Structure formats: C-alpha cells, structure tokens
Amino acid sequence: MLRIVRYVALALLVLLGGLWGLAWMGRAPGEGVAEAFVRRLAGIAGADMPAPSAGGVQMPQGMALGGAYALTDQSGRAVTERDYAGGFSLIYFGFTFCPDVCPTELGAMAAAVDLLGADAARVTPIFITIDPDRDRPEQLADYVARFHPRLVGLTGTTEQVAQAARAFRVYYAKVTPPNATDYLMDHSSFIYLTGPDGRVRSLFRPQTSPEDMARAIRGQLGGRAG
C-alpha cells in the first residue's frame with residue numbers, strides 16, 4: 001500500500017512539474033508563469049474559462065475580484081466603494097515613488113479614458129496606493145493631477161489599504177535595493193475594470209495598450225443592463 005501511495009505521489013509531482021514547464025513555455029505575452037499554470041490547471045480540471053476581453057486576462061468562472069473598501073481620497077475625504085457605485089471604475093494599485101511601472105500604467109489608463117470620448121463620464125479612473133506610510137492625501141493630490149484631471153487618488157491606514165488589496169488579490173511588499181537609502185514597493189501591476197456592483201469585469205495585463213483597454217471598456221459599457 002505504501003508503495004502505491006509513493007507511486008501516486010511521484011506521478012502527481014511529475015504531472016505538476018510538466019504543467020509548470022508547459023506554462024513557462026506557453027504563457028502569453030505579459031502573463032506570469034503562475035497565472036499560466038493556474039489557467040492550464042483549470043483547463044485540466046474542466047473549469048469553464050470565459051473568453052477574455054481585448055487585453056484582458058482569463059479568469060476561471062466563479063472567481064470574484066473586487067468588493068468593499070474604506071479609504072481616503074486626495075482631498076482628505078473618507079470614501080468607500082459605494083461612492084462609485086452605479087458606474088464603472090478603472091483601478092490601479094501602485095505608489096507615488098514608483099520609478100517607471102506605475103507612471104507607465106497610469107499613463108495608459110489616462111489615455112484609455114480619453115479614447116472613450118463621451119463614454120468617459122461613465123468611468124472613474126482610480127489610483128490606490130500600496131504605500132500609505134508615504135502616500136498621504138496631499139502627496140496623492142499632486143501625483144494624480146499629473147496624469148488626468150479626473151484621476152482619483154486613494155490612501156488610508158495600513159489596515160485599510162491591506163483590506164482593499166486583499167479584495168482585489170493585489171500582491172505588494174516593501175523591498176530595499178542594494179546600496180539604496182530608501183525602500184521601494186514590489187507589487188503586482190494589473191488594471192481592474194469594475195462594474196456598478198464593484199466587482200471586476202475585466203483585468204488588464206501590464207503594458208496593455210490604451211486602444212485595447214478602451215475597446216474592452218466600451219464592450220462592458222455597451223453590455224450594461226438598464
């Protein structure tokens with residue numbers, strides 16, 4: 001019996017190792033190995049995978065992202081997800097001291113909003129910091145104004161930011177590069193489109209073009225009930 005268990009465990013390890021290798025070799029541009037691995041595992045398990053929006057990431061059916069949060073905007077006003085209910089939000093998690101990735105993704109978000117034309121009024125662009133120790137409201141106010149006049153900046157206590165990040169499954173951690181005098185934030189870099197219910201409708205990989213993003217957003221706006 002013990003020998004059978006060992007054989008089964010070895011076969012499982014070989015299978016998972018093979019899937020990891022296939023995920024590494026067959027991942028889409030901008031897709032992480034772990035994301036590709038989960039996608040292949042879901043396929044083997046028979047989970048339904050809906051067709052992604054343009055520039056979007058496939059998520060197994062039943063996987064929910066988004067939800068409740070309580071934060072403070074760049075003017076110092078306390079807000080929750082309910083302040084943006086009834087419309088769509090385009091959300092990015094980052095930090096103002098980010099040297100390159102955050103400005104690039106926020107620039108793409110801003111360009112996508114502008115490409116929406118008259119429909120832009122139905123979408124609120126939001127930047128949520130994952131560095132609340134440094135990104136206070138006054139810091140955010142200066143930062144978001146550089147990208148788009150309608151971009152909202154949100155911060156809060158360490159616990160409030162952690163709750164918001166958990167709702168969207170955002171990874172982040174403080175890192176101090178060698179010979180550096182201050183820390184940076186390592187973090188995932190997806191852009192989330194949430195619907196009127198606060199749940200994620202589309203998930204955009206890093207370096208998604210503004211054109212693809214705007215096209216996917218229009219698709220969701222057109223499909224809105226009511």
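Just after helix α3, Gly117 takes a positive phi of about 65°. The model is a predicted one, in which local features need pLDDT of at least 70, side-chain atom pairs count only at pLDDT 80 or more, and totals for chains, interfaces and linings use all residues. Residues are numbered from 1 along each chain as its sequence is written, and side-chain values use heavy atoms, with hydrogens and water left out. Helices (H or I, at least four residues) and strands (E, at least two) are DSSP runs numbered from the N terminus.

Helix α3 itself covers residues 101–115, and its end C-alpha atoms lie 21 Å apart, in agreement with the 21 Å that 15 residues should span at 1.5 Å a residue (the expected span is 1.5 Å times one less than the number of residues).

How do α3 and α6 pack? Their angle is about 50°, with the axes 8 Å apart; axes are lines fitted to C-alpha atoms over the stretch in contact, and angles run from 0 to 180 degrees between N-to-C directions. The contact is made by Ala108, Met109, Ala111, Ala112 and Leu115 of α3 and Pro210, Glu211, Met213, Ala214 and Arg218 of α6.

Notes. Contact means heavy atoms within 4.5 Å.
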